[in-house]
Every structure is written in C-alpha cells, then in structure tokens.
Amino acid sequence: MSTTVWQPGMRITANRLNSPPPLFTVNQAAAQSIAAATWVAITWPTPAVDTYVGWNIGAPTRYTAQLTGWYTICGAIAWAVNGTGARGVFLYKNGAPVLGHGAFCAPTPAQVTVATTPTRDLYLNAGDYVDLRGSQASGGPLNTVVTSDVTSGLSMRWTHA
C-alpha cells in the first residue's frame, strides 16, 4: 500500500483516494524483565494494527517506517508495583534517544506505575526505525505489567510528508 502525495495536475482516482496512511498500534502481551539502570527496548507481539507492515518478527522491538514523512508517536510502559527508584520511558530512533520524547516518573508503591512519552511528531525517512525503551532504578530487575486493563503500548500514525 502507498499513500498519495498530491501534486498539482494529478487526477483523482479510486486507488489514490482509498490508500490509507501508515498506522501502527501494538500492546505488550507478556511481562518483560527490565534490569536496573539500563535502557531496554520493549518487545512487541504481532501488532493490532500495522497498515504498512513496519513490524517484523525478526526485530520485534522496533517499527521500521515504510513511508517518509511526519509521524505522531506516543508510547507507555506499565511497571510492576515497587516503591523504590524512578521509572523512565524514552523513544529511540535508529538506536539513539530522541530529545523531547521521554519522561521519568516516581513509582507508586501500592499500584502499577505507568510512564508515558509525550505525544509528539517525529520525521522519519523510509527505513528509519523506532523503538520504545524503559529504564528503572529499583535496585534490581523489575517487570513490565500485562493485565486486562493495563499494559505497555506504542502507537504511531503518519500525518504528512
């Protein structure tokens, strides 16, 4: 599938009108252990939505852009109950953290802590990849959480060229 970038003089055709933009939505299906004081990429199962097939089972932590342009991106990591140390979440592009696309929060000792990236736009060339990474400072490994109403997730939507 491709998205039409309209140019002056182009004819309107059914194919051009029915081409949906890239959309990617995934939620973690199994808890993942994250070592203390390291940035670890979240592993994703088969996505709920992946209109351009940017996720690959051979690299299950990343989404690879199939279309150049601006993407609106947001991610969240749900952390297990633990009252020690901070929790972090950061969006990485091609293996490097993206400034302005991360957040830290204090733990909640009696409930799951969810750290969320700000929803921001990021320019990706076709072939660039994005992953969501988490870090925590509990003093030992800490799991992410997967329940019926709380889990880690990543959403990306192509907005324009």
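Analyst: Start at a strand pairing. In strand S14, Gly153 is the bridge partner of Asn27. This is a predicted model, where local features need pLDDT of at least 70, side-chain atom pairs count only at pLDDT 80 or more, and totals for chains, interfaces and linings use all residues. Residues are numbered from 1 along each chain as its sequence is written, and side-chain values use heavy atoms, with hydrogens and water left out.

User: What makes S1 and S14 a pair?

Analyst: Two strands pair if DSSP finds at least two bridges between them. S1 and S14 (residues 153-160) have five bridges, so they pair, in the antiparallel sense. Strands here are DSSP runs of E, at least two residues long, numbered from the N terminus.

User: How do you know that S1 also pairs with S4?

Analyst: Two bridges join S1 to S4 (residues 49-50), and the cut-off is at least two, so they pair. These strands run antiparallel. Val49 in S4 is the bridge partner of Thr25.

User: Which residues of S1 lie on its covered face, and which on its uncovered one?

Analyst: Phe24 and Val26 are on the covered face of S1 (residues 23-27). Leu23, Thr25 and Asn27 are on the uncovered face.

User: Why is Lys93 with Asp128 called a salt bridge?

Analyst: The term needs a side-chain nitrogen of Lys or Arg within 4 Å of a carboxyl oxygen of Asp or Glu. The N to O distance for Lys93 and Asp128 is 3.9 Å, so the pair qualifies. Lys93 is in strand S8 (residues 87-93), while Asp128 is in the loop between strands S11 (120-124) and S12 (129-136). They are 35 residues apart, so the pair links distant parts of the chain.

User: Why is Asp128 called buried, but Lys93 partly exposed?

Analyst: Buried means under 20% relative accessible area, exposed over 50%, and partly exposed in between (1.4 Å probe, protein chains only). Asp128 is at 12%, so it is buried. Lys93 is at 25%, so it is partly exposed.

User: How many salt bridges are there?

Analyst: Two. Asp131 and Arg133 form one of them, with closest N and O atoms 2.8 Å apart. Both Asp131 and Arg133 are buried.

User: Why is Thr113 called buried?

Analyst: Its relative accessible area is 3%, so Thr113 counts as buried. Thr113 sits in strand S10 (residues 113-116). Its side chain reaches the backbone nitrogen of Thr108 at 2.8 Å. Leaving out residues up to four places away in sequence, Thr113 touches several residues, including Ile77, Trp79, Arg87 and Cys105. Contact means heavy atoms within 4.5 Å.

Definitions and conventions: Helices (H or I, at least four residues) and strands (E, at least two) are DSSP runs, numbered from the N terminus. A polar contact is a pair of N or O atoms within 3.5 Å; within protein, one must be able to donate a hydrogen and the other to accept it, and residues adjacent in sequence count only if both atoms are side-chain atoms.
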